[in-house]
Amino acid sequence: MSKDAFKIAEEISTKLDAATISDAAGLEAFRIQFLGSKNEIKALFGEIKNVANERKKEFGQTVNALKNKAEGIFEKGQGALENTASATAHANLDLSRPTVPNPRGSTHPVTIVLNKVISIFERIGFTVAEEREIEDDWHNFTAMNTPDDHPARDMQDTFYLKNSIDRLLRTHTSSVQARVMTSQQPPIRIIAPGRVYRNETISARSHCQFHQVEGLFIDKNVSFADMKQTLMYFAKEMYGPDTDIRLRPSYFPFTEPSAEMDVWMGTATDEAYRLTKGTGWLEVLGCGMVDPNVLSNCNIDPEIYTGFAFGIGIERTALQKYGINDIRMLFENDLRFLKQFNSAI
Ligand code: DAH
């Protein structure tokens, strides 16, 4: 009897050697025959009772070897089939097929306006200066000729860093003027775009964070007329070739004389009427001739050099341009709002 059991094992081994797996169906048939729940090798274990005691161990090893052999053949066959499948898939790959389109994001309205302002000034030789948002009191206020008792320094307006009376979040990009003037000598022709912070109650009209673009031009013989011409160019590029400007006298600690610039929009359209509150004039920026005190604070000789500066509020411009009536929309990241802006500049 024991001989029969070994013989059957030998027959199974021969069958395994002869097995060819050429497709998925063949693989499955092989699996059922040799590895399935009622497979031939398993049935062979039932024969062990007929094997002489002294050969039982040998028989057990033979059956185990068969099992391993069957598993090896199955895995090899499976691997080969997978390889052919992926080779076929690669052969069918059409590399010239258009890709699945990626949904395109849109540019934030503040970024659109910032980029536009930057590109207008870059065209006439201004370079971008970027500086820190955490400033010290000197660059933000003292250097900018803002006296100690100026209300802008008040805790109500300025975010000071914890336990510090010197470190603060800059309240305007004018601090970049001091940074640039203390690190390079004229001629200086920069614009400084960036975020600024003020401790204001958040409402539809004002926010505790917003963006400005600062401009600074220092050289020999720079005049008020140069400033007016530069700002006129900016207004025409920004608001259209027919735009007119006017400069109204104003006050800023760091400029003397100081002005605010309005652009003429007229009242003919409903939009122009609304934006200018019926006056035809839209307030756009603050500007002026750099105060000699500011120059000397920053080690630039006011006897030799003069210059002009200006500061543009970006959110205000974006709200006007897109007819948005609540500044908070610009900081909420509501996709329904953001999606409305074209990704092109
Ligand atoms: N720093 C001013 C502000 O925050 C804006 C400003 C006005 C900047 C006049 C200037 C300037 O450079 O000349 O409101």
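Guide: The ligand is surrounded by 15 residues, and the closest of them are H172, S174, R198, Q212 and E214. Keep in mind that this is a predicted model. Sorted by class, the shell around the ligand consists of 8 polar, 5 nonpolar and 2 charged residues.

Helix α7 (174-181) and the strands β5 (209-219), β8 (281-290) and β9 (306-313) each supply at least two of its residues.

H172 places a polar side-chain atom 3.0 Å from a nitrogen atom of the ligand. Q212 also uses its side chain: one of its polar atoms there lies 3.1 Å from an oxygen atom of the ligand. With A309 the backbone is involved instead, as a polar backbone atom of A309 is 3.2 Å from an oxygen atom of the ligand. On its own the ligand has 350 Å² of accessible area, and the protein covers 88% of that.

From the ligand we can turn to a pair of helices. Two packed helices are described by the distance between their axes and the angle between them. For α5 (residues 109-122) and α11 (residues 314-322), the axes come within 9 Å and cross at roughly 105°. Angles of 65 to 115 degrees count as roughly perpendicular, so α5 is roughly perpendicular to α11. On the α5 side the contact is made by P109, V110, I112, V113, L114 and V117. On the α11 side it is made by I314, E315, T317, A318, K321 and Y322. The residues of this contact divide into 9 nonpolar, 1 polar and 2 charged.

A few backbone details remain. P186 and P187 are joined by a cis peptide bond, with omega at about 5°. P187 is found in the loop between α7 and β4 (188-197); α7 is one of the elements that supply residues to the ligand shell. Another cis peptide bond joins E256 and P257, where omega is about 0°. P257 belongs to a strand, β7 (residues 255-264). Finally, N145 has a positive phi of about 60°, although it is not a glycine. N145 lies in the loop that runs between α6 (137-142) and β3 (167-169).

Technical notes: Residues are numbered from 1 along each chain as its sequence is written. This is a predicted model: local features need pLDDT of at least 70, side-chain atom pairs count only at pLDDT 80 or more; totals for chains, interfaces and linings use all residues. Side-chain values use heavy atoms; hydrogens and water are left out. Axes are lines fitted to C-alpha atoms, for helices over the stretch in contact, and angles run from 0 to 180 degrees between N-to-C directions. Helices (H or I, at least four residues) and strands (E, at least two) are DSSP runs, numbered from the N terminus. Angles under 35 degrees count as roughly parallel, over 145 as roughly antiparallel, 65 to 115 as roughly perpendicular and the rest as oblique. Contact means heavy atoms within 4.5 Å. Ala, Val, Leu, Ile, Met, Phe, Trp, Tyr, Cys and Pro count as nonpolar, Asp, Glu, Lys and Arg as charged, and the others, Gly among them, as polar. A residue is near a molecule or strand if one of its heavy atoms lies within 4 Å of it. A polar contact is a pair of N or O atoms within 3.5 Å; within protein, one must be able to donate a hydrogen and the other to accept it, and residues adjacent in sequence count only if both atoms are side-chain atoms. Accessible areas come from the Shrake-Rupley method with a 1.4 Å probe; for residues, only the protein chains shown count as cover.
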